[in-house]
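The sequence and structure come first.

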Amino acid sequence: MSIRSAADPILARRWEPFIDGAFLAGEGERSLADPATGDPFCTVSECGPRLLQQAVEAARRAYDQGPWPRTPVARRAGVLRRLADRLEHRAEGWALVETRNQGKPLREARADLADAVDCLRYYAELAPRHLGRALPTPSGPVSLVVREPIGVCGLITPWNYPLLLAVWKLAPALAAGNTCVLKPSEYTPLTSLLLAEALQELDLPPGVVNVAPGDGPATGQALAESPLVDKISFTGSAATGRKVAAAALGNLKQVALELGGKAPVVLFPDLDLETAVDWCLYAIYCNAGQVCSAGARILVHEALHDPLVRRLAERTRAIVVGPGIDPSTEMGPLVSGPHLERVLDHVRRGIRQGARLETGGTPLCGGRFGRGHYMEPTLFSGGQPWMRIVQEEIFGPVAVVQRFGTEEEALSLANGTPYGLAGAVFSGDLDRAVRVARGLRAGIAWVNGYHTSRPDLPWGGCKQSGWGRELGIPGLDACTGLKQLSVGPVPAPIHWFKKS
């Protein structure tokens, strides 16, 4: 079976919300458009207020009355392993669905599938070891600290990594014994609904996982506000993250936010030029720059600056832009027309504020691009700290180069934005590279590499890049609550008060 034929039955279906173990008719309808062509290719029935409430109630009932939270952790881990096996077996078809729905090249969609499988298997191995322990306190072995599931988790995922980020949130939440309502982006719900179908095949108890497609202002807001939800985990923009946090205050539910970034890539002059350029291209133009950790600010030592800018512009112009299903494509379209226009507006503002446009900056249309949402990979030089293209997250294929002379200046520039998700330092002098990386105000710092993520390493940032961590042991701990369990002997009177 070809990859196309493997995906055809999926794309031909009308997809519906998955609630309490079944796919139910929605309260609204959305036609999904292929970012590569602009043409509709699939229909999804969405949740309105009534169905969203039904999904939350199903998750609440499954937690309070169902078997999942009380299922031994080893059995919960077995579900994750079997789900990983299904993803691996269906990876080619699912990768094409992800490409058609989100726009990214197939090679990137395949990598996302592999990372999702790794994440599921990681938590299947970690959870029995980590959650099965009861830690004795110094007062004696009968006083214990145990971890328990939080309850109902509302999981709100973005459109840039639809499947992978759904798995990042679901895997530790399910391993810990929680029940979930997953709200995927209205632009990219398909692989989240495929996950629901795979879990249905595994006979997961009804209500443990519910998938509620719908838009953010209605469905996402209602999920964040719901008093029946115990935790909200949101990945998206800082602006929306503030709204989610405010909505969650009603019942003081726990909140985890993985928000935007404006990551610096710091380049020292002892680097080989081609190697430096190669990593810069990967840092910013992967997934068309629609990555929260994208290396959007390239900080270059003055001794390397001019040759790097020239060569980086040459290599940027040579990037092959096209449909994600084309094997020759190196960078796909942006996710939607409105998002493309927002990115172009940032480019126009950068030009007005005096940055030098080295290459790119225009949309691509006609011919092989048709009515798709394509844009030239774009490079600015002459970036100044006060410019909005330096300070604001663009979330598109736009990089800006800044010049520095000393380590101190490099760190000042690197830390000079409201964000603190990620950053990288490249140098042949590892002592210097590690020293500067330690000085970055970011939750993730790479040395001589970029976009490295592993399920055993925590992911998250500081400042306006969010609250909390996903992945690793911290990601599992964030899906649990601590309980002090003190077990005394058979009770006897203590005579604290006199007998009357």
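D20 sits in the loop that links β2 (18-19) to β3 (22-23); helices (H or I, at least four residues) and strands (E, at least two) are DSSP runs, numbered from the N terminus. D20 is not a glycine, yet its phi is positive, about 55 degrees. Most residues other than glycine have a negative phi.

The model is predicted: local features need pLDDT of at least 70 and side-chain atom pairs count only at pLDDT 80 or more, whereas totals for chains, interfaces and linings use all residues. Residues are numbered from 1 along each chain as its sequence is written, and side-chain values use heavy atoms, with hydrogens and water left out.

**Two further loop and segment residues**

H495 also has a positive phi, about 55 degrees, without being a glycine. H495 is found in the segment after β25 (480-486), and with 58% relative accessibility H495 counts as exposed.

E27 belongs to the loop between β3 and β4 (28-33). Its relative accessible area is 36%, so E27 is partly exposed. Leaving aside residues up to four places away in sequence, E27 touches S45, E46, C47, G48, P49, R50 and L51, where contact means heavy atoms within 4.5 Å. A polar atom of the E27 side chain lies 2.8 Å from the backbone nitrogen of G48, and a polar atom of that side chain lies 2.8 Å from the backbone nitrogen of L51. E27 and G214 are 187 residues apart along the chain, and their C-alpha atoms are separated by 9.7 Å.

**Pockets and cavities**

Rolling a probe the size of a water molecule over the atoms shows where empty space is left. On a 1 Å grid over the protein atoms alone, a cavity is a set of points where a 1.4 Å probe fits but cannot get out, and a pocket is an open set with protein on both sides within 12 Å along at least five of seven lines; lining residues have an atom within 4 Å of a point. Grid points are joined across faces, edges and corners, and a volume is the space filled by probe spheres set on the points.

| Space | Volume | Lining by class |
|---|---|---|
| Largest pocket | about 1100 Å³ | 15 nonpolar, 13 polar, six charged |
| Second largest pocket | about 680 Å³ | 15 nonpolar, five polar, eight charged |
| Largest cavity | about 110 Å³ | 10 nonpolar, two polar, four charged |

In these classes Ala, Val, Leu, Ile, Met, Phe, Trp, Tyr, Cys and Pro count as nonpolar, Asp, Glu, Lys and Arg as charged, and the others, Gly among them, as polar.

The largest pocket has a volume of about 1100 Å³. It is lined by 34 residues, of which W159, F234, G236, S237 and T240 are the closest to its centre. At least two lining residues come from each of α8 (216-225), β11 (231-235), α9 (238-247) and α12 (337-352). The most come from α9, which supplies six.

The second largest pocket holds about 680 Å³ of space. Among its 28 lining residues, E108, Y282, C286, N287 and H451 are the closest to the centre. α5 (106-131), α6 (162-175) and α10 (273-285) each contribute at least two residues to this lining, and α5 has the largest share, with five.

Four cavities of 30 Å³ or more are present in the structure. The largest of them has a lining of 16 residues, with K231, S233, E470, G475 and C479 the closest to its centre. Two or more lining residues of the largest cavity come from each of β8 (152-156), α6 and β11; α6 gives the most, with four residues.

**Nonpolar cores**

In soluble globular proteins, nonpolar side chains tend to be buried together. A nonpolar core is a set of buried Ala, Val, Leu, Ile, Met, Phe, Trp, Tyr and Cys residues joined through side-chain atoms within 4.5 Å. The largest one here has 125 residues, and L87 and L267 touch the most other members. α5 gives the most to this core, 13 residues. Beyond four places in sequence, L267 touches A276, C280, I298, L299, V300, H301, L304, L308, F404 and F426. Another core, of 25 residues, lies apart from the largest one and includes V56, A58, I156 and A238.

How values were computed. Buried means under 20% relative accessible area, exposed over 50%, partly exposed in between (1.4 Å probe, protein chains only). A polar contact is a pair of N or O atoms within 3.5 Å; within protein, one must be able to donate a hydrogen and the other to accept it, and residues adjacent in sequence count only if both atoms are side-chain atoms.
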